[in-house]
Amino acid sequence: MNAEAEAPGRTVGRFHFRILAGTLLVVGALTALGALFAHRQLALGAGRELEAVIDQQMEGALRVRALRESVLAGICGRLARLPRIHAALEDDALDLLYPSARNELRFLIDGQVSSGGTEVPIQAVFYRFLDAGGHVIPTQGDDAAGDLPTGIEAALALPGVPDTREHGFFIVPGEAGDAEAVEVFAAPIVSTVTWRPIATLVVGFPAQPQPGDGLATGIWTGGALAMDGVDAATRARLGALLATNARRGSTPPRTLDIRGVPHRVDTRVLNSGSPYPPAHEVFLSSMASLAERQTRSLRQILRAGAVLFLTGALLSYPLARRLARPVHALARASAEEHTQRLLTEARLNSATRELDRAARFSADASHQLKTPVSVMRAGLELLLGDPRLARRHRSELEGLIRQTQRLTKVIDDLLLLSRIDAGRLRLTLRPHRLSALLEPLLDDFSILPDWEALSREVVLEPGLEVRCDLGYASIILQAILENALKYNRGGGRIRIAGFASGLFVTLRVGNTGASIPEPAQPHIFDRFHRGASGENIAGYGLGLSLARDLARLHGGDLQLAVSIDDWTEFNLSLPAAKAEGNFPATHSVAGPGVHNTDGGNA
Amino acid sequence: MVWIPYGVLSGTALPLLFATLPLSAASIVGTVPLPEAPPATVMAKRYEIVSRGGVLSTIPPVGVVWLEGALDPEAEKPALEMVQKDFLFSPSLIVIPTGGSVSFPNLDDEYHNVFSYSPPKRFDLGRYMPGEEPVPSQVFDQPGLVTVRCEIHEHMRAIILVVDSSHYTTTGTDGSFRLDGLPAGTYTLKAWVNSELTLEKQVTLEAAQTIELSFGEE
């Protein structure tokens with residue numbers, strides 16, 4: 001028992017360790033997940049915010065551009081209707097082109113134009129005409145058209161006159177030596193007479209995207225980058241990054257490290273589908289605040305995780321003890337149960353051994369008893385065969401022989417009983433017709449004069465079949481009929497009725513004669529019970545007991561139905577042969593090892 | 001003096017030169033290959049000078065033939081008239097020798113403006129209403145094609161072909177022409193088809209000779 005007393009303590013220790021480990025694992029996992037999730041959410045959120053800002057920027061830029069374009073469209077429309085422009089272009093008078101257009105285009109260079117009440121930033125840097133072949137028509141000294149930044153003249157050329165307004169960007173060296181972006185619009189001038197394009201008006205505006213909050217913007221085209229707010233070195237690196245990505249064809253966003261702070265680089269295409277080279281607007285935003293927020297949130301989560309873990313660790317002690325109590329109790333209970341089981345097993349074993357011994361004893365005893373009895377009987381019969389025997393000796397001998405017969409029967413019955421008790425009885429169950437069971441018995445009984453003297457009534461339902469062991473069923477029936485005969489009176493009556501009742505077949509045997517007194521009724525099936533009035537009656541009290549045990553082994557029963565006044569009735573029920581299923585022995589009368597063989601079905 | 005009969009495209013043209021036919025004058029008859037009359041567009045019905053891809057020509061196409069270099073310096077310089085009527089220049093084709101002049105009276109109820117950017121003569125007579133006195137006019141002292149336009153009305157266009165010759169004529173719509181009273185000598189005969197195409201042929205004229213040639217050959 002010591003080992004079991006120790007176990008609960010060890011169990012608690014192990015249990016506590018497990019709880020602690022579990023808490024650590026859970027808290028660790030939760031913290032890691034939380035940190036990961038928060039990290040990602042922040043990044044996503046920041047990314048989305050940034051994109052929203054960028055979209056806003058783009059929208060603003062698009063509005064400005066749309067305005068410029070509409071102003072330009074108006075100008076081009078008016079120009080198209082100017083005969084002087086036509087004359088200059090058609091009549092070999094290009095030198096007069098710019099002077100002729102000066103009036104219309106003067107305001108572009110000079111200053112702002114109000115449109116719808118608001119000042120519109122459409123002050124142009126220059127304007128030029130392209131001929132029908134797309135080449136720039138030189139101004140020939142006309143200053144009013146603005147100065148063309150160096151290097152642009154060739155770039156402005158187009159394959160011809162475009163069908164719609166086209167949009168392009170160019171990076172030119174600025175005043176301070178850094179790069180500036182110029183936004184160029186090319187609009188066709190279409191003759192309203194012939195509906196043919198006669199020339200293209202190209203206007204250059206300064207492209208200065210307004211920086212947003214925390215956002216530096218620039219234009220990137222033709223491998224050059226124009227961006228305010230960043231130094232030349234950063235511009236160069238950014239340009240290189242954009243060039244590399246353009247070659248690879250990858251899409252934003254990308255990151256650039258500027259003095260240790262990560263920056264996010266986004267680009268948007270500005271002029272898709274334009275005959276001019278593609279240009280992108282570049283957005284540079286610092287991720288410092290995002291990084292800081294992420295670090296902060298990570299720290300918060302880790303702190304929370306640590307707190308959770310400490311709490312968990314502290315709580316785990318009382319928790320473990322509390323949880324261990326039922327474990328404790330369970331351990332004790334199982335130990336007790338274990339002991340009980342061992343005891344029960346031991347008892348069962350001893351009981352079985354005793355039963356075996358008893359069975360063997362009764363079997364041995366019965367066999368031991370039968371032998372001398374048969375010897376006695378043989379000897380007596382031999383004596384009876386002597387013709388010299390006197391009459392009174394003869395009747396004496398006959399009486400003795402009858403006693404040996406009786407003794408033999410008792411021994412047989414005892415043997416049967418002992419085998420039933422030991423569970424060594426094998427029943428071979430087969431379907432038998434009830435009538436087939438009864439008839440031979442009735443025949444046997446009919447030689448008895450007492451039987452013949454009774455008025456007999458046999459009423460069997462047709463086709464009754466029972467599932468039974470032929471031999472033992474006959475023993476049951478014999479016992480019942482014997483009783484009905486023995487306990488009858490002169491001039492009495494026997495009534496045998498057989499009928500189906502559910503899954504069973506019932507045989508009701510009734511007889512006239514003294515009824516069994518009430519107090520004795522519960523005991524009639526006891527072994528060796530003899531009725532108070534039965535002293536004169538042959539028998540020794542085993543018949544009913546055996547019959548009932550055998551009936552129960554079949555899965556049926558034998559019961560006293562009624563015994564009152566002059567009528568006693570017993571009910572024997574046996575399983576009907578038609579019924580499906582097994583009929584385990586009701587009220588098990590035998591110990592372990594009862595065998596019911598059912599013609600092959602067990 | 002040579003009397004040269006010649007036909008003009010439309011409107012009234014005042015023969016400015018009457019001369020008697022000298023017995024020794026030469027003549028040239030021939031044809032100028034003219035492009036097929038293009039299918040007239042709705043616009044073209046209103047206008048008679050048409051510009052296609054920047055090339056000016058007449059509708060229906062006619063040519064102008066002149067003997068280059070045979071300019072009589074003593075001859076009186078003709079003064080022709082090109083009116084603005086119904087928002088059209090009329091006539092829309094005028095041929096004058098170098099030194100001739102054209103006046104542009106406004107016969108509409110609207111302002112009109114007469115100008116040209118053409119290299120032979122760039123001029124701008126300003127805007128004026130009908131009844132402007134004196135009638136604005138312009139002397140053309142350089143040979144070449146002068147496109148006359150109205151600053152206000154884009155569709156108004158006319159051609160003044162200033163030729164370095166006293167002997168000129170416009171062809172029929174079939175391209176046929178006849179030049180009479182030509183002086184003997186070696187000259188270049190030119191044929192204007194449209195603002196881009198001017199055919200030429202060398203001719204040697206002898207007195208009282210009639211040459212028949214066609215610009216379409218060779």
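1. Contact, as used in this note, means heavy atoms within 4.5 Å. By that criterion, 62% of the contacts in chain B with a separation of 6 or more join residues 24 or more positions apart. The model is predicted: local features need pLDDT of at least 70 and side-chain atom pairs count only at pLDDT 80 or more, while totals for chains, interfaces and linings use all residues. Residues are numbered from 1 along each chain as its sequence is written, chains are lettered from A in the order in which they are written, and side-chain values use heavy atoms, with hydrogens and water left out.

2. Chain B contains one helix and 19 strands; helices (H or I, at least four residues) and strands (E, at least two) are DSSP runs, numbered from the N terminus. Of its 218 residues, 52% count as buried, that is, under 20% relative accessible area, with exposed set at over 50% and partly exposed in between (1.4 Å probe, protein chains only).

3. Between the two chains, 20 residues of chain B are in contact with 20 residues of chain A. The area buried there is about 1600 Å², and carbon and sulfur atoms give 48% of it; buried area is the accessible area (1.4 Å probe) that two parts lose on being put together, summed over both. B:Y117, B:R149 and B:E154 supply 44% of what chain B buries against chain A, more than any other three residues.

4. Four salt bridges link chain B and chain A, each a side-chain nitrogen of Lys or Arg within 4 Å of a carboxyl oxygen of Asp or Glu. One such pair is A:R84 with B:E151, at 2.4 Å from N to O.

5. The largest nonpolar core has 48 residues, and A:L481, A:L550, A:L558 and A:L572 have the most contacts inside it. Such a core is a set of buried Ala, Val, Leu, Ile, Met, Phe, Trp, Tyr and Cys residues joined through side-chain atoms within 4.5 Å. Helix 10 (residues 470-486) of chain A gives the largest share, nine residues. Apart from this core lies another, of 32 residues, including A:F185 and B:F115.

6. A:F499 is found in strand 17 (residues 493-501) of chain A. This residue counts as partly exposed because its relative accessibility is 23%. Beyond four places in sequence, A:F499 touches A:E461, A:L464, A:F504, A:V505, A:T506 and A:R508.
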